[in-house]
Amino acid sequence: MGMTDPLADMLTRIRNANMAKLEMADIPSSKLKLRVAQILKQEGYLKDYQLIEDRRQGILRVYLKYGPEGREFIEGIKMISKSGQRVYVKKEQIPEVLGGLGIAIISTSKGIMTDSEARKFNLGGELLCTVW
């Protein structure tokens, strides 16, 4: 049986590894997951990520980031748009996560980007997830 929502699986693996205070998490790779990992690193939620080639789709290894006293940088990560119910927002309806302290990741016609980038380019799209 195949996976119904690969992005939800990625976020769950990151959330579980974060709660277990693991250094890294391995995730089956895809272009979507790679772009989400790029955004999470760019916004300071991940230490790094690495694409490991194998004979199949590849493995995306994400390195989690912790602060002083082992405090997680990712306090919460939540899937918004699900395979059974997609959530689309217009450019005026893009939410601010925790008053701007978190980010929303949006799939737009110009690619996958953060909420602030989507506002800058005046784009709406599918609201994939929020991270804080």
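Tutor: A residue is called buried when its relative accessible area is under 20%, exposed when that area is over 50%, and partly exposed in between, as found with a 1.4 Å probe and protein chains only. Helices (H or I, at least four residues) and strands (E, at least two) are DSSP runs, numbered from the N terminus. What you see is a predicted model, in which local features need pLDDT of at least 70 and side-chain atom pairs count only at pLDDT 80 or more, while totals for chains, interfaces and linings use all residues. Residues are numbered from 1 along each chain as its sequence is written, and side-chain values use heavy atoms, with hydrogens and water left out.

Let us take helix α1, which covers residues 6-19. The expected span of a helix is 1.5 Å times one less than its number of residues; the 14 residues of α1 should therefore span 20 Å, and this agrees with its end C-alpha atoms, which are 20 Å apart. The buried residues in this helix are Leu7, Asp9, Met10, Leu11, Ile14, Ala17 and Asn18. An α-helix has 3.6 residues a turn, so residues three or four places apart point the same way. The buried residues of α1 pack against β1, α2, β3, β4 and β8, where contact stands for heavy atoms within 4.5 Å.

A nonpolar core is a set of buried Ala, Val, Leu, Ile, Met, Phe, Trp, Tyr and Cys residues joined through side-chain atoms within 4.5 Å. The largest such core has 25 residues, and those touching the most other members are Met10, Ile14, Leu40, Val62 and Ile105. At least two residues of this core come from each of α1, β1 (24-28), α2 (31-42), β3 (59-64), β4 (77-79), β6 (103-108) and β8 (125-131), and α1 gives the most, with five residues. Another core, of nine residues, lies apart from it and includes Val89, Ile106, Met113 and Leu123.

A salt bridge is counted when a side-chain nitrogen of Lys or Arg lies within 4 Å of a carboxyl oxygen of Asp or Glu, and the whole structure has seven of them. One joins Arg13 to Asp9, with their closest N and O atoms 2.9 Å apart. Because these two are four residues apart in helix α1, about one helical turn separates Arg13 from Asp9. Arg13 is partly exposed, at 32% relative accessibility, whereas Asp9 is buried.

After α1 comes Lys21, with a positive phi near 60°. The side chain of Lys21 forms a salt bridge with that of Glu72 (2.5 Å, N to O). Since Lys21 lies in the loop between α1 and β1, and Glu72 in the loop between β3 and β4, the pair ties together parts that are 51 residues apart in sequence. Lys21 is partly exposed at a relative accessible area of 44%, and Glu72 is partly exposed as well, at 24%.

Finally, consider the sheet beside the helix. Two strands pair if DSSP finds at least two bridges between them. An open sheet of three strands has the order β1-β3-β2 and antiparallel pairing; β1 and β2 (46-52) stand at its edges with a single partner strand each, so one side of each is left without a neighbour in the sheet. From one strand to the next the twist averages 20°. Angles run from 0 to 180 degrees between N-to-C directions, and axes are lines fitted to C-alpha atoms, for helices over the stretch in contact. Helix α1 lies across β1 and β3, and it runs at about 165° to β1; helix α2 lies across β1, β2 and β3, at about 155° to β2.

Within this sheet, five bridges join the antiparallel strands β1 and β3. Ala25 has Val62 of β3 as its bridge partner, and Pro28 stands opposite Ile59 in β3. Strands β2 and β3 are paired in the antiparallel sense over six bridges, with Leu64 in β3 as the bridge partner of Leu46. These two strands form a hairpin with six residues between them, and in the turn Gly58 has a positive phi of about 95°.
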